[in-house]
Amino acid sequence: MRGDEVEDPLAPGMLVVVVVVVVVVVVVVVVVVVVVVVVVVVVVVVVRRVIVHTSPSSHAGSLVPATPVHKVRSMPADRRADRQSAGVTDKSLEQLEGDIWPDANPDDTYVIRTCTALRRMPLRDFGPEQLRIMIGQGIGLPYLVPIALEALAKNPLAEGDFYPGDLLAQVRKVDQSYWDDHPDQAAALAGILSTLA
């Protein structure tokens, strides 16, 4: 060693520190990338599941409270609205529309499970609660709104599971385009509303 050169005692140690820092940074970057990929995959799976279960041709995904599947029941005969067309009311929405939904999963919402079960129930067994649920979800309106109007003509305050008049409240929320396409039913609803004025 020459006299004017001074040996740097940290130089070999610094190399080790630099290598360790680089390795740690690489590991952190890899972990972050893996976490981001996992989050993206989970989001994609959840979004696909929501889209499948909320598409109009599949299931309704509204947060309207509904009766759990195990509580879906037929209406007692004495509370059922008279049905003019037995051929239609003997069938389910699935049969009438020719649109068979897949079985609901146990982790699906009450709304999805209930609507899936109700689509398989003969229309003659629908009472105010079943009508309220399905009409609120916009399911089977051409078949269910006339049945609801028939029940409301007899009792404008027919009630499901919430309060007197909850069926009428739900029917009144049906989109205007439906009433435009069914003026006779719109007139029937106006008549029912006029009895309450």
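How many salt bridges does the rule give? The count comes to six. The rule takes a side-chain nitrogen of Lys or Arg within 4 Å of a carboxyl oxygen of Asp or Glu.

This is a predicted model, in which local features need pLDDT of at least 70 and side-chain atom pairs pLDDT 80 or more, while totals for chains, interfaces and linings use all residues. Numbering runs from 1 along each chain as its sequence is written, and side-chain values use heavy atoms, with hydrogens and water left out.

**Salt bridges**

| R124 | D90 | 3.0 Å |

Helices below are DSSP runs of H or I with at least four residues, and strands are runs of E with at least two, numbered from the N terminus. Burial follows relative accessible area: buried is under 20%, exposed is over 50%, and partly exposed lies in between (1.4 Å probe, protein chains only).

Take D90 and R124, whose closest N and O atoms are 3.0 Å apart. D90 sits in the loop between α2 (86-89) and α3 (93-97), and R124 in the loop between α4 (110-119) and α5 (128-136), so the bridge ties together parts 34 residues apart in sequence. D90 is partly exposed at 42%. R124 is also partly exposed, at 32%.

R119 is buried, with a relative accessible area of 1%. E97 is partly exposed at 33%.

R120 is partly exposed at 34%. D103 is exposed at 57%. Elsewhere, shared partners join D90, R124 and D125 into one salt-bridge network.

**Helix α6**

Helix α6 covers residues 141-154, 14 residues in total. The expected span of a helix is 1.5 Å times one less than its number of residues. For α6 that should be 20 Å, and the end C-alpha atoms are 20 Å apart, which agrees.

Which residues of α6 are buried? They are L141, L144, V145, I147, A148, L149, E150, A151 and L152. An α-helix has 3.6 residues a turn, so residues three or four places apart point the same way.
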